[in-house]
Amino acid sequence: MLKITDLQSKEVVNVQTGKRLGSLGDVDINLTTGTIESLIVTGSGRLLGMFGRDDEMIIPWNQIAKIGTDVILVYVYGTEESSFYR
């Protein structure tokens, strides 16, 4: 069984580019079905995380390629990764 706290220690990497997208900040859970809908990835914190964080990236669950021991590999479709940020 995998705990959310175990996921939060992993880096998130785009499979297509090899680019580090950030760390898992949170998960979006469907309370009706009890399933994870998406991962919320946060970029690097500014100034040691003391003065805010970069934008969050929403990765739908169906775009997760693999959850490994150190990283979560995801597919980010489209030409701009920035289209996933909110």
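User: Patches are made of residues with over 30% relative accessible area and no salt bridge, nonpolar side chains (Val, Leu, Ile, Met, Phe, Trp, Tyr) being joined within 5 Å and like charges within 9 Å. Which residues form a nonpolar patch on the surface here, and what is their accessible area together?

Analyst: This is a predicted model in which local features need pLDDT of at least 70 and side-chain atom pairs count only at pLDDT 80 or more, while totals for chains, interfaces and linings use all residues. Residues are numbered from 1 along each chain as its sequence is written, and side-chain values use heavy atoms, with hydrogens and water left out. Accessible areas come from the Shrake-Rupley method with a 1.4 Å probe, and for residues only the protein chains shown count as cover. The patch consists of Ile4, Ile29 and Leu31, whose accessible area together is about 300 Å².

User: Is leucine 31 buried or exposed?

Analyst: Leucine 31 belongs to the loop between β2 (20-30) and β3 (35-42). Buried means under 20% relative accessible area, exposed over 50%, and partly exposed in between (1.4 Å probe, protein chains only). Since its relative accessible area is 80%, leucine 31 is exposed.

User: What partners does strand β6 have, and which residue of β6 is the bridge partner of isoleucine 64?

Analyst: Strand β6 (residues 71-74) runs parallel to β1 (residues 11-14), and four bridges join them; there, glutamate 11 has valine 71 as its bridge partner. The bridge partner of isoleucine 64 in β6 is valine 74.

User: Which side chains meet in a salt bridge, and at what N to O distance?

Analyst: A salt bridge is a side-chain nitrogen of Lys or Arg within 4 Å of a carboxyl oxygen of Asp or Glu, and a search of the whole structure finds one. Side chains of opposite charge can pair when their charged atoms come close. Glutamate 11 is partly exposed at 27% relative accessibility, and arginine 20 is partly exposed at 40%. The side chains that meet are those of glutamate 11 and arginine 20, with an N to O distance of 2.4 Å.

User: Which residues does glycine 25 touch, not counting residues up to four places away in sequence?

Analyst: Glycine 25 has its place in strand β2 and is partly exposed, with a relative accessible area of 29%. Contact means heavy atoms within 4.5 Å. Beyond four places in sequence, glycine 25 touches Gln8, Ile40, Val41 and Thr42.

User: Which residues does asparagine 30 touch under that rule?

Analyst: Asparagine 30 also lies in strand β2. With a relative accessible area of 24%, asparagine 30 is partly exposed. Not counting residues up to four places away in sequence, asparagine 30 touches Thr35 and Glu37.

Notes:
Pairing = 2+ DSSP bridges. Helix = DSSP H or I, 4+ residues; strand = E, 2+ residues; numbered from the N terminus.
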